[in-house]
Amino acid sequence: MKEPMEKIDFRANVQQASPAVIAATRNSTRTALRIRGDVVHAFGEERWQRLRQAGHDLRLHSLTHLDRYLPLLEERVTAAGGRVHWAADAAEANGIVREIAARHNVRSIVKSKSMVSEEIGLNHSLEAAGLRVYETDLGEFIVQLAGQKPSHITAPALHMTKEEIARLFREKLKVDARPVPEELTELARQRLRPEFLSAGMGISGGNFLIAETGTLLIVTNEGNGRLSTTLPPVHVAIVGIEKVIPDWESAAVLLKLLARSTSGSKITAYNTCITGTREAGPQEFHLVLLDNGRSRILADPIARETLLCIRCGACMNICPVYNNVGGHAYGGVYQGPIGAMLTPQLMGTRLAGGLPFASTLCGACAEFCPVMIPIPEILLHLRHRFVEGDACEGPSVPGLLKAAAWAGRRVLGSPSLYRLGGRMARTLQAPFRRGDWLPSLPAPLNRWTAARPFPAFRGDFRSWWGKRTAAGSAVEPGTGRGARP
Amino acid sequence: MEPVQLFVTCMAENLLADVLEKMVGLLERLGVQCEFPADQTCCGQPFYNSGFQREGREMALRWMEVFAATAGPIVAPSGSCVEFVKHRYPLLFPEGSPERALAVRTAARVRELSQFLVGDLKRSDVGASFPHRVACHSPCHLTRGLGVRTEQQTLLKAVQGLELIDLNESDTCCGFGGIFSVVYPEVSQAMVEAKVRNIAASGAEVVVVSEPGCLVNIRGGLAKMNSTVKAMHLVEILAAQGGGR
């Protein structure tokens, strides 16, 4: 990436999130969850679980056999008249795209939605080379116009209300826009249509790469993916190497999972399948296969399941943390639980080590994930990487936390110190105690009491148990007041 | 029936002694003898989940050794601590090691209280009486983690006079999350406030929160928002016979 990467401060980002953004986020995710729930229910719970298992198994099979499927894919794409490029990192991928654009004297580019292009900062790289880039997915179009970043992987403008979007259109497009979704969509369509027709290049991502036929599969709900990959004379697709799957049978399973999890539909509106070049389409088809840290992730047997992800967004829709902070708090390209897992692996825990802690480990995401990624397990693994370091990275835990863990380990590891600690807490709390509560405590314990009071240390189970055993069960249970200080 | 070993959990021991005392009372009322291995401290979960896996493993080893000297079911008023022993302990030690074998044996002995009452004692009616409108929170580690999804309701429905009412988003996390609550206090607060709003809207007099961490968090949230709803552990309701709140 061109700009030096900055440390992600999730806590500071959270404090930037406006209540309006959070309200809009919740509103959208609630709707998404409701329609997903309906369509999964109609499919049948048991069948759904079997489909998830199948999805997981075949994604894991693909990932652990990239050495078989990627060369097969390259062979089949090439045989169909396409050209395959291998990009080790963002700079290489961006360079390949710029070079193709230069060779064809491209001035303007239409882009179908692509997370990988966000990951490598492609727009920035192309604009720096003097090219005009038009995002054609409605959400991406809005976010680009607003000069913002997407806040959700499948619904980039999910944090904005129709009123805000209408205001944005009036200001930037100089049109009379009312906050009516159909009208706003029509305005975007009018604006984009000439760009589709005049663009020298179309860029897309890819949902799946089907090795057996060398086919790029793109799903969209707006048809912009089909226009971007069909109208311009050159099509460049940038896809992560993990997106390859063996065959069409695999695609059938994954498309069922993806459509239901993303948009609560049985099938996505547009399923565009591109195999090399074709008579009525672009004269050139380029497939850029991006690594950008993926083979490093693949080397870790626990973290590698992150790469099973099919980018449906269900984990963020269900995540109570995401729903209370909005997508921008995650600071990266990917948000919610998938962002909390993937960003620290792409950027390193030194810069993004706070993200795996941005989860209560409630497990709701893992229940929703259509390919059964063990998300809490991977977050725990990354927390450990941050704290103790592993084969992938050294530790970067702050000293204070390390000291607290060391002290905690000493106290809790010794029954006598543990009991002493309990007695001391009951004594030391006195100046802070107000009835049953400790309403405010000094730093760093104020990190708890700023949010809600801490309960007073009350009762003493051990002495109750001791007295009771001595007296032969004579003490009334539940009084809990035996040793109140 | 053999006696049960009380796994009191460090959180309940220090903050919820009354819950533990009522748990002993309830088990004895049902004819179960209790024993208390006094050298127990913490199961190690707070360390492990915060990334300190080495410390977590050391704590787990010492916890297992304390309980290895005992026999019979190990019962706790916490699904989270039980889940940690049951699911995590065996994974902490290399396959084929004596520690792994001990962890597997220990894992087979642990039970969360409602799981023990319904699954082992085969009791749904424990003879409790509690004439109040009650809503029930679903703690994440108890339900999603341990798979104990219906036992609380089974027990509550059999309580005399108790009216069990729905709680909107009952299975949405309350925002505790161990270290999460102090690393990101603002988010934790927003989450517990959402939980308290749902509790208040339910019309319940009492909300059942059968997890020490969640109970401390939700009680604090209710107090902060001046709610009159009382948060109670399931044990406190099952132990009640006179009908007092």
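Student: At what angle do helix α5 and helix α6 of chain B pack?

Tutor: Happy to start there, keeping in mind that this model is predicted. Helix α5 of chain B covers residues 79–92, and helix α6 of chain B covers residues 98–107. Their axes lie 8 Å apart, and the packing angle is about 170°.

Student: Are α5(B) and α6(B) roughly parallel or roughly antiparallel to each other?

Tutor: Good follow-up! Angles over 145 degrees count as roughly antiparallel, and this pair packs at about 170°. The two helices, α5(B) and α6(B), are therefore roughly antiparallel.

Student: How many nonpolar residues does the contact of α5(B) with α6(B) have?

Tutor: Let's look at who meets whom. From α5(B) come V85(B), K86(B), Y89(B), P90(B) and L92(B), which meet R100(B), A103(B), V104(B), T106(B) and A107(B) of α6(B). Sorted by class, this contact has two charged residues, one polar residue and, for the class you asked about, seven nonpolar.

Student: Which element gives the largest share of the side of chain A that touches chain B?

Tutor: Between the chains, 50 residues of chain A are in contact with 57 residues of chain B. Elements of chain A that each supply at least two residues to this side include α1 (10–16), α19 (375–388), α20 (399–412) and β12 (454–455). This side of chain A divides into 30 nonpolar, eleven polar and nine charged residues. The largest share, six residues, comes from α19(A).

Student: How far apart do the C-alpha centres of domain 1 and domain 2 of chain A lie?

Tutor: Domain 1 of chain A takes in 19–53 + 61–296, while domain 2 runs over 399–471. The distance between their C-alpha centres is 52 Å.

Technical notes
Residues numbered from 1 in each chain as written. Chains lettered and ligands numbered in written order. Predicted model: local features only at pLDDT ≥ 70, side-chain atom pairs only at ≥ 80, totals over all residues. Contact = placed C-beta atoms within 7 Å. Helix = DSSP H or I, 4+ residues; strand = E, 2+ residues; numbered from the N terminus. Nonpolar A, V, L, I, M, F, W, Y, C, P; charged D, E, K, R; others polar. Axes fitted to C-alpha atoms, helices over the stretch in contact; angles between N-to-C directions. Parallel < 35°, antiparallel > 145°, perpendicular 65-115°, else oblique. Domains from an automatic or database assignment.
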